[in-house]
Amino acid sequence: MATYEGKVFTEEQEALVVKSWTVMKKNAAELGLKFFLKIFEIAPSAKKLFSFLRDSNVPLEQNTKLKPHAMSVFVMTCESAVQLRKAGKVTVRESNLKKLGATHFKYGVVDEHFEVTKFALLETIKEAVPDMWSDEMKNAWGEAYDRLVAAIKIEMKACSQAA
């Protein structure tokens with residue numbers, strides 16, 4: 001079983017994450033964009049963290065680089081959650097953790113950004129699967145997200161020590 005700081009990612013949590021991801025997967029592009037739009041709604045200053053948004057006057061929904069990036073991040077986050085128990089650790093398919101850590105470090109991502117992102121992720125999932133949503137599902141996704149962030153932060157710390 002996947003353990004992290006004494007907590008176990010249970011079969012029940014895994015089942016909730018897998019069940020909801022199975023439903024959401026077919027709408028990943030749309031949900032990814034909604035996810036990022038929520039982030040920017042909560043924290044407009046977060047746009048500055050993305051080079052392709054900094055000097056853009058195009059509405060976010062129409063930015064040609066945002067949608068693919070948002071989908072990639074959403075899919076990576078959800079796939080990481082789905083694999084968590086089976087793999088026994090955070091796994092990332094599209095890019096490795098070192099690269100994620102280096103990127104987040106380079107652009108100055110801090111704890112508050114991760115908290116806003118977590119809230120936006122949970123709200124996006126809640127809206128995507130309202131009939132399935134429960135406190136247990138919220139906790140399962142929250143736990144999976146926290147583990148992914150912890151793994152990214154380890155790599156960010158390694159970057160800060162190397163700098």
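Modeller: A nonpolar core here is a set of buried Ala, Val, Leu, Ile, Met, Phe, Trp, Tyr and Cys residues joined through side-chain atoms within 4.5 Å. Buried means under 20% relative accessible area, exposed over 50%, and partly exposed in between, with a 1.4 Å probe and protein chains only. This is a predicted model, where local features need pLDDT of at least 70 and side-chain atom pairs count only at pLDDT 80 or more, while totals for chains, interfaces and linings use all residues. Residues are numbered from 1 along each chain as its sequence is written, and side-chain values use heavy atoms, leaving out hydrogens and water.

Biologist: Which residues touch the most other members of the largest nonpolar core?

Modeller: W21, F40 and W141 do, out of 48 residues in that core. Helix α7 (135-162) is among the helices that each supply at least two residues, and α7 gives the most, with 10. Helices, by the way, are DSSP runs of H or I with at least four residues, strands are E runs of at least two, and both are numbered from the N terminus.

Biologist: What is W21 in contact with, leaving aside its neighbours within four places in sequence?

Modeller: Contact means heavy atoms within 4.5 Å, and on that count W21 meets A28, F74, V75, C78, E79, V82 and W141.

Biologist: Why are α2 and α4 called roughly perpendicular?

Modeller: Helix α2 (residues 28-42) and helix α4 (residues 66-87) pack at about 100°, with axes 7 Å apart. Axes are lines fitted to C-alpha atoms, for helices over the stretch in contact, and angles run from 0 to 180 degrees between N-to-C directions. Under 35 degrees counts as roughly parallel, over 145 as roughly antiparallel, 65 to 115 as roughly perpendicular, and the rest as oblique. So α2 and α4 are roughly perpendicular.

Biologist: Why is T124 called buried?

Modeller: T124, in helix α6, has a relative accessible area of 1%, against the cut-off of under 20%. Leaving aside neighbours within four places in sequence, T124 touches L31, K34, F35, K38 and F74.

Biologist: And what makes P68 partly exposed?

Modeller: P68 sits in helix α4, and its relative accessible area is 47%. Partly exposed is the range between the buried and exposed cut-offs, so P68 belongs there.

Biologist: How do you know that the span of α6 agrees with what it should be?

Modeller: The expected span is 1.5 Å times one less than the number of residues. The 18 residues of α6 should span 26 Å, and its end C-alpha atoms are 26 Å apart, so the two agree.
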